Amino acid sequence: MAIVLPSRRSVMSERRPVIRILPTAGLKQDLQTLHDAALKQPQGPEGRLLRVALNQLGLIQQGAPGTHPLGYMPSYPDLSDCETTYVGADPNAKPSHRIVWRERAPQRPGEPVIREIIALGERANGQAYYMAGQRLGRPVGFTLAELAAQREPIASPSRPRQRLTGSFDTPSMNEPDHQFE
């Protein structure tokens with residue numbers, strides 16, 4: 001039985017999908033915080049973590065898969081449409097941080113795949129996942145299907161939108177009003 005390997009020419013002619021990175025405002029804030037800490041000790045752990053995180057973001061843009069897809073867990077916001085990539089300053093220790101991102105397929109042929117980078121946060125106590133859930137407007141204990149069923153219809157400009165005080169639909173004063181897609 002003969003094994004047929006693809007020719008070098010056919011492998012090179014295969015095209016990977018174009019990927020566009022979409023860094024969120026939250027990620028920019030996370031990177032700025034890490035950058036500010038790294039300026040104090042460029043050769044310290046914050047400087048190394050910043051370099052590793054930026055390298056990983058480059059790999060994500062090149063199409064690298066995440067460390068693993070996330071699933072629903074009732075004690076966290078539902079991030080089952082997201083992936084996580086582990087990053088850490090010390091290659092000999094368990095990674096201390098997580099990058100949380102999600103991929104969106106192109107809406108039209110020829111458009112790039114979008115990888116939305118939501119958060120870069122600490123692994124300890126699931127901080128990165130809670131931060132990503134907050135940024136996506138997802139409370140703990142609700143599945144994406146339950147959240148979709150709770151969406152309010154879009155209000156017309158002539159009818160003001162009403163909110164229930166204390167509901168998960170109420171944004172904090174410091175957060176923008178998140179819209180679901």
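Modeller: Leaving aside neighbours within four places in sequence, Asp30 is in contact (heavy atoms within 4.5 Å) with Ala119, Leu120, Met131 and Arg135. This is a predicted model, where local features need pLDDT of at least 70, side-chain atom pairs count only at pLDDT 80 or more, and totals for chains, interfaces and linings use all residues. Residues are numbered from 1 along each chain as its sequence is written, and side-chain values use heavy atoms, with hydrogens and water left out.

Colleague: Why is Asp30 called buried?

Modeller: Buried means under 20% relative accessible area, exposed over 50%, partly exposed in between (1.4 Å probe, protein chains only). Asp30 has 11% relative accessibility, so Asp30 counts as buried.

Colleague: What makes Asp30 and Arg135 a salt bridge?

Modeller: A salt bridge needs a side-chain nitrogen of Lys or Arg within 4 Å of a carboxyl oxygen of Asp or Glu. The closest N and O atoms of Asp30 and Arg135 are 2.7 Å apart, so the pair qualifies. Asp30 lies in helix H2 and Arg135 in helix H4 (residues 127-135), so the pair ties together parts 105 residues apart in sequence. Helices are DSSP runs of H or I, at least four residues; strands are runs of E, at least two; both are numbered from the N terminus.

Colleague: Which residues are linked in a network of salt bridges?

Modeller: Asp81, Arg102, Arg104, Glu116 and Arg138. Arg138 and Asp81 meet at 2.7 Å, N to O.

Colleague: Why is Asp81 called partly exposed, but Arg138 buried?

Modeller: Asp81 is at 31% relative accessibility, so Asp81 counts as partly exposed. Arg138 has a relative accessible area of 8%, so Arg138 is buried.
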